[in-house]
Amino acid sequence: MTDLVTTDGVPGAREADVDKPVRRSRRMTGPQVVGHARATAAVCQAAGCLSAQSDQVFEEITAQLIADGVTDVAVKRVGCLGLCAAGPLVEVPETGELFRQVSPDDVSDLVTRLKDAKPVETKPALEPFFSRQHRVVLENCGKVDPENIDDYVSRKGYRGLTRAVTELTPQQVIDEISKSGLRGRGGAGYPTGLKWATVAKQPSGEKYVVCNADEGDPGAFMDRSVLESDPYRVLEGMAIAAYAVGASHGYVYCRAEYPLAVQRLKAAIHRAEKAGYLGAAIAQSTFKFTVELRLGAGAFVCGEETALIASIQGGRGTPVPRPPFPAASGLRGKPTLINNVESFASVPVILREGGEAYAQVGVGKSRGTKVFALAGRIVNGGLIEVPLGIKLRDVIFDIGGGVPDGRKFKAVQTGGPSGGCIPEDLLDMSVDYESLLAAGSFMGSGGMIVMDDTSCMVDVARYFMDFCREESCGKCVPCRVGTTELHMMLTKITEGRATLADLVQLESVAAMVRDTSLCGLGQGAPNPVFSTLRYFRDEYLAHIVDHVCPAGVCALSGGESVA
Amino acid sequence: MTVHTLTIDGVERAGVEGQTVLEVARESGVEIPTLCHLDGLCDVGACRLCVVEVKGSSKLLPSCATAVAEGMEVTTDSKRLTAYRRTIIEMLFAERNHVCAVCVANNHCELQARAADLGLTHIELDTVNPALDVDASHERFAIDHNRCIMCTRCVRVCDEVEGAHTWDVMGRGLDARVVTDLGMPWGESTTCTGCGKCVQVCPTGAIFEKGRPIATTKVTRPYLPYLKTNSQEVSA
């Protein structure tokens, strides 16, 4: 664990640096600003842009401004600006300009613009990618410096926690959450208020709050972006939850594949403790709450809550049958509240603005907003937040900008390996928990993978089955053997070796795996098969009967029959 | 002691608080097939053979790990359950090498017995059947991973009864294996006490005494008086 994060949370200070002189901080600061900054260059420092050297962009802009003696332009590190496909991104909030694909080798244009940037009264109209979004959870993403707690506090941070612990009783906090209509953002959509109430009702004593940051769906990066861009928000949500249910200790279970999120979380925990928002006497009250970080070792199944608990306890990450649910008997046999990153990140706003205000947005039983990660064959790939109830078409074509290269939209996959593929006919459906379920998919944690006519749906089903087969823990028979068998059958179809009898067998084994598996991984694994069979059965038949892959993806061996 | 009344297959039964559906069903003479369950060991609900339908639950529940509750309505046998159970056994046969004719446990095997009970006559699934190791490094015992069904009875009896915790599970998915001492050869294990409890609880021919077919291994468990296996009943 120590090679991923340093003790003080300062980036870059690894073991190899031991011989170098000790510096107070290796983190380069922006140029010295005298008085009020006329303009700010907000440079995205989330993983997507960082991988395109946005850290060097920051340093280059700073160096040039210092060299030119500019003292009224600030340069700031911020979290995810959303439009990840066009990174590295630099935003100038005063003028409303967004610079895309900024190269560290060529920032002179940008610096020139910054030098004569003037705050404008009316900012240029936002493009639909931004204007159609409704940012609640992401309100600070791309606005605050994720490593600076003062920046978070200056944007109404910790008001929700302060209100909760100084003005409200735990029951009132739970009522506020119930009023908001918030449901689990990890995917299943269990009412958050009800979950909190269940844990609160357990006999008092040791209780735990656990944040599930083991995001593992292919194509999903919502939780990572939130943790990298606004980590204090998640810690605030956890503290509010702990106050409501009567816990004094919490864990963030984050996958180790997110080193930047881990580093920022670690720094955030440290700084929140120093600032009195974690630890003893939070917000000058008698409430105390501490948070520890635990890293997952790369198993998808550890996102399942009972497996996650086993992993935190140091055991093998395998699920156990529920009931008993963690709310009654979880970590070390104590009542445990487990929520996902986005659920906790929604909590500070609810406490700050009130549950009813939060519930203004949304449709039916799905209230509030949902963060999605747009990926796949889409123009504006990135991180978005939309009101629940928005039309799927608006998400993909208005916000996402549609399919690139003039190709034809075919389907969108939501809900990860337990989700399904939604075809073009259903694009006018509302994006909410019930509608997605009715369409044979699943809200899931929020990955949206867009596919065009170059994707073969049988191959897509095979890909997700391969993922589940790899990630099955091996404990129960239907998931361990069933996912392998289903993968073998799907491979047979994509290779043109299958018969219609195999299709019948595929459906019956898929139903058996869904109904008899121990945990959500196995129960959800056949879902991509069911949804592609429901909407794209013709593609299966083309492979089996005509030995043709309509999308031209699968290499079919021809018509030899199979023993 | 709270007593709960529930119905199992339409007949009213009584169970004590904390009892499982499986316990109450077996007390009442209702047989539910099991493989990973063994009286005296903790239940893990892994083989899924004992799943039952419970009214009000959209999911099938493992009867070995589901506590009885007041007013519960349980169905232990239906066309769907039988089909699913048969597929579970079929999957186990397809997963590794279970050719009975050349197995030390032939006719004394719980997997074989369950297959016969459920009327499994042939396998339609494609077999995976990877070539796995046989660890015969122990002085008296050996494990043939090709016969293992990952019920983890050996892991549990070693941990819960013997207290040695020599056995555990390594790897995931289809690559999951029971291992001794973090994957060392059994013969080099420093924790194994050689008690042979794992041999006694293995439902198949995976763990066996060297040089002896299971049929001639006398199942005596003076040190495990409370352990009762289905194979005892089968061989009795």
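**View 1. Where chain A meets chain B.** In this predicted model, 24 residues of chain A are in contact with 26 residues of chain B (contact here means C-beta atoms, placed from the backbone, within 7 Å). On the chain A side, the elements that put in two or more residues are α17 (457–471), α18 (477–494) and α19 (500–516). Helices are DSSP runs of H or I, at least four residues long, numbered from the N terminus. The biggest giver is α18(A), with 8 residues. Sorted by class, this side of chain A has 11 nonpolar, 6 polar and 7 charged residues; Ala, Val, Leu, Ile, Met, Phe, Trp, Tyr, Cys and Pro count as nonpolar, Asp, Glu, Lys and Arg as charged, and the others, Gly among them, as polar. For the complex, the predictor gives an ipTM of 0.92 and a pTM of 0.91.

**View 2. The two domains of chain B.** Chain B splits into domain 1 (3–77) and domain 2 (105–235), with bounds from an automatic or database domain assignment. Here 12 residues of domain 1 are in contact with 18 residues of domain 2. The domain 1 side of that meeting has 10 nonpolar, 1 polar and 1 charged residues.

**View 3. Residues 225–236 of chain B.** Over residues 225–236 of chain B, though, pLDDT stays under 50, and the model has 19 contacts beyond four places in sequence for them.

**Reading the labels.** Residues are numbered from 1 along each chain as its sequence is written, while chains are lettered from A and ligands numbered from 1 in the order in which they are written. Local features need pLDDT of at least 70 and side-chain atom pairs count only at pLDDT 80 or more, but totals for chains, interfaces and linings use all residues.

Methods: Two residues are in contact if their C-beta atoms, placed from the backbone, lie within 7 Å. pLDDT is the predictor's confidence in each residue, from 0 to 100.
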